[in-house]
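Please look at the model first.

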Amino acid sequence: MNTQNTPPVAAMIDVVKRYRAHTALDGMSMTVGKGEVLGLLGPNGAGKTTAIRVLTGLTPADAGEAALFGQPLRGQASDIKRRIGIVPQDLALYETLSARDNLNYFGRLYGVTSAALKERVDGVLAVLGLTGVAKKAPKKFSGGMKRRLNIGCAIIHRPELLILDEPTVGIDPQSRNHILDFVAEMNRQGTTIIYTSHYMEEVERVCSRVLIMDAGRVIAGGSVEELTTAAQTALTEESVALEVRDPAPALAEAIQKVPGVLRCETAGQGLTVISTAGSQNLAGILACAAPYDILGVTARRPTLEDAFLALTGKTLRDSNGGEGA
């Protein structure tokens, strides 16, 4: 299909949003193409949630423009908003209604016909692993089950664009995996997705493109591979992990004399060798370890965490507080 002239599913152009003295968005611009899973990555306070609120019309921008499906988002724009599903950080559920009744309510709210609603509710319960608790109220659910039901309420009308704002905060690993698998499946079925998170591993797993935000604006973007490659050129250090049977203290001393090695850290049978980036000294390190029984060697590749650190000078989970997390 030729999408060259197709407008982006979502776009923001030079958006500014202030809360009194705090600037939550400071010239925020981005586009989301049809079929993408776009990750918005940044620490608490970077502006991710504010960007989502402006993009969905929940919060007006002070300057700039937001658009969905090629149409500027002004006023209520209810016809446009019916084409999106939003999963907010804060749960949007009726705690005393059953899971099925919650889905029925939101389905009717989005205009799903009675004829189609039962089949859709059954399908959503099944895909989110909630069929067995369909008659129970969310007040009896675990945090992970509530998060899954929250997603179900956002997709009951089969939106073209699904926006998930930190959907796995505070939940167990099993529910997190269930949600990430679900996101991937929704995308395979053609849904465009915006996924905000400050968990690097989630973004690496599900997103086809990533925007790194800091201080209310996008500071870098690209595929995970592109961003980690950029990190590799920006980083000043690289590391190699060795596992050696019964290493003597003399091994670490010898490795530290290899050209380019900055330090060698030991822990039991493991050694982590930190070198200047681009040293190409692996052969020298292994030559030092040759008299020992080498159990494993791992050259650490740059990650999104490294990319974020190289671009911003801070770790991802730093929090500067304020609105716009």
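H3 passes H5 in a right-handed crossing; right-handed means that the near helix is turned clockwise from the far one by less than a right angle, left-handed anticlockwise. Helices are DSSP runs (H or I, at least four residues), numbered from the N terminus. This is a predicted model: local features need pLDDT of at least 70, side-chain atom pairs count only at pLDDT 80 or more, and totals for chains, interfaces and linings use all residues. Residues are numbered from 1 along each chain as its sequence is written, and side-chain values use heavy atoms, without hydrogens and water.

The two axis pairs are listed here.

| Pair | Axes come within | Crossing angle |
|---|---|---|
| H3 and H5 (residues 143-155) | 8 Å | roughly 25° |
| H3 (residues 99-109) and H4 (residues 114-127) | 10 Å | roughly 130° |

Axes are lines fitted to C-alpha atoms, for helices over the stretch in contact, and angles run from 0 to 180 degrees between N-to-C directions. H3 and H5 cross at roughly 25°, so H3 is roughly parallel to H5 (under 35 degrees; over 145 is roughly antiparallel, 65 to 115 roughly perpendicular, the rest oblique).

In H3, Ala 99, Asn 102, Leu 103 and Phe 106 meet Leu 149, Gly 152 and Cys 153 of H5. Contact means heavy atoms within 4.5 Å. By class, these residues are 5 nonpolar, 2 polar and no charged. Nonpolar covers Ala, Val, Leu, Ile, Met, Phe, Trp, Tyr, Cys and Pro; charged covers Asp, Glu, Lys and Arg; the others, Gly among them, are polar.

H3 and H4 cross at roughly 130°, which makes H3 oblique to H4. Their crossing is right-handed. H3 contributes Ala 99, Arg 100, Leu 103, Asn 104, Gly 107 and Arg 108 to the contact, and H4 contributes Leu 117, Val 121, Asp 122, Val 124 and Leu 125. This contact has 6 nonpolar, 2 polar and 3 charged residues.

Methods:
Helix = DSSP H or I, 4+ residues; strand = E, 2+ residues; numbered from the N terminus.
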